[in-house]
Amino acid sequence: METSSALYRAILNFAHATPGWFQFLAEIWTELGLLVFAGLFLVVWWRSRGDSAASVAVAVLAPLATGVMYVASELLKTFITEDRPCRAVARAAKPLVECPAVGDWSFPSNHSVIAGAAAAGLILAWPRLALFVAPMAVLMALSRVFVGVHYPHDVLVGLLFGGIGAAVLVWVSARLAQGVIMWMRASSVGLLVWFAGPGAGRRSRSLT
């Protein structure tokens with residue numbers, strides 16, 4: 001814990017030494033990253049609709065698994081009840097953003113759990129995104145330490161917990177979800193067929 005506190009102080013001191021515009025970007029990114037992940041979920045789902053039922057299943061499961069991991073991290077916080085470093089670490093600089101209220105516990109970092117889970121789900125759904133979403137998740141997690149509201153171990157564990165947890169959830173649920181997508185594609189309900197997409201076979205037949 002002392003090592004993590006010392007690293008927290010060093011990172012926060014570095015943050016205060018950076019230009020104001022860089023600090024502003026870090027403050028924005030810590031929240032904007034969530035919206036970027038949400039947009040990518042939509043893009044990946046839309047792209048998968050013209051592919052196999054398995055592809056659609058993974059694309060749909062990715063945001064669902066992310067949501068489950070967020071709930072799991074909230075439950076974990078209530079058991080561990082680690083105070084925020086912006087209150088607990090002595091001789092630390094002032095955080096760049098307002099320190100969360102007492103009772104909004106620090107471990108693990110929800111933002112990092114979401115980032116890790118979202119990145120894992122998106123990579124499983126579209127592997128080519130790995131070079132973009134993996135660094136994006138890491139930067140989003142680091143920004144929580146940079147602005148002064150989390151310890152380094154909060155975000156490291158959050159990334160691993162979210163990423164591994166989401167990957168396992170997608171893997172375990174994929175077969176069931178694939179069956180649901182196949183049922184939806186065979187349905188007579190237009191909205192269900194639209195959501196599941198035409199699939200590669202139907203799309204090619206519609207073009208001939």
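Modeller: Start with exposure: buried means under 20% relative accessible area, exposed over 50%, partly exposed in between (1.4 Å probe, protein chains only). By that rule D104 is partly exposed, because its relative accessible area is 36%. The model is predicted; local features need pLDDT of at least 70, side-chain atom pairs need 80 or more, and totals for chains, interfaces and linings use all residues. Residues are numbered from 1 along each chain as its sequence is written, and side-chain values use heavy atoms, without hydrogens or water.

Biologist: How many residues does the protein chain have, and what share of them counts as buried?

Modeller: The protein chain has 208 residues, and 43% of them count as buried. Its C-alpha trace spans about 70 × 35 × 25 Å along the principal axes.

Biologist: How many helices and strands does the protein chain have?

Modeller: Both are DSSP runs, numbered from the N terminus: helices are H or I with at least four residues, strands are E with at least two. This protein chain has nine helices and zero strands. Read along the sequence, the pattern is α-α-α-α-α-α-α-α-α.

Biologist: At what angle do the axes of α6 and α7 cross?

Modeller: Axes are lines fitted to C-alpha atoms, for helices over the stretch in contact, and angles run from 0 to 180 degrees between N-to-C directions. Under 35 degrees is roughly parallel, over 145 roughly antiparallel, 65 to 115 roughly perpendicular, and the rest oblique. Helix α6 covers residues 130-146 and helix α7 covers 152-185; their axes come within 8 Å and cross at roughly 155°. So α6 is roughly antiparallel to α7.

Biologist: Is α2 roughly parallel or antiparallel to α5?

Modeller: Take the angle again. The axes of α2 and helix α5 (residues 110-125) come within 10 Å and cross at roughly 25°. Therefore α2 is roughly parallel to α5.

Biologist: How many salt bridges does the structure hold?

Modeller: The test is a distance: a side-chain nitrogen of Lys or Arg within 4 Å of a carboxyl oxygen of Asp or Glu. The structure holds three salt bridges. One of them joins the side chains of E31 and R144, at 3.9 Å from N to O. E31 sits in helix α2 and R144 in helix α6, 113 residues apart, so the pair links distant parts of the chain.

Biologist: Is R144 buried or exposed?

Modeller: R144 is buried, because its relative accessible area is 9%.

Biologist: What is the N to O distance between R84 and D104?

Modeller: The side chains of R84 and D104 meet in a salt bridge at 2.9 Å. This pair also links distant parts of the chain. R84 is in the loop between α3 (53-80) and α4 (85-88), D104 is in the loop between α4 and α5, and 20 residues separate them. R84 is buried, because its relative accessible area is 4%.

Biologist: Which side chain does R87 meet in a salt bridge?

Modeller: R87 meets D83, at 3.0 Å from N to O. R87 has 33% relative accessibility, so it counts as partly exposed. D83 is partly exposed too, because its value is 29%.

Biologist: Now the backbone. Which residue has a positive phi of about 45°?

Modeller: That is T81, which is not a glycine. T81 lies in the loop between α3 and α4. Its relative accessible area is 37%, so T81 is partly exposed. R91 is not a glycine either, and it has a positive phi of about 65°. R91 is in the loop between α4 and α5. R91 is exposed, because its relative accessible area is 68%.

Biologist: Is the peptide bond from F107 to P108 cis or trans?

Modeller: Read omega. The bond is cis, with omega near -5°. P108 lies in the loop between α4 and α5.

Biologist: How far apart in space are A186 and L156?

Modeller: Compare sequence separation with C-alpha distance. A186 and L156 are 30 residues apart in sequence and 43 Å apart in space. A186 is in the loop between α7 and α8 (190-196). A186 is exposed, because its relative accessible area is 61%.

Biologist: What separates the C-alpha atoms of A125 and V170?

Modeller: They are 45 residues apart along the chain, and 9.7 Å separates their C-alpha atoms. A125 is in helix α5. At 18% relative accessibility, A125 counts as buried.
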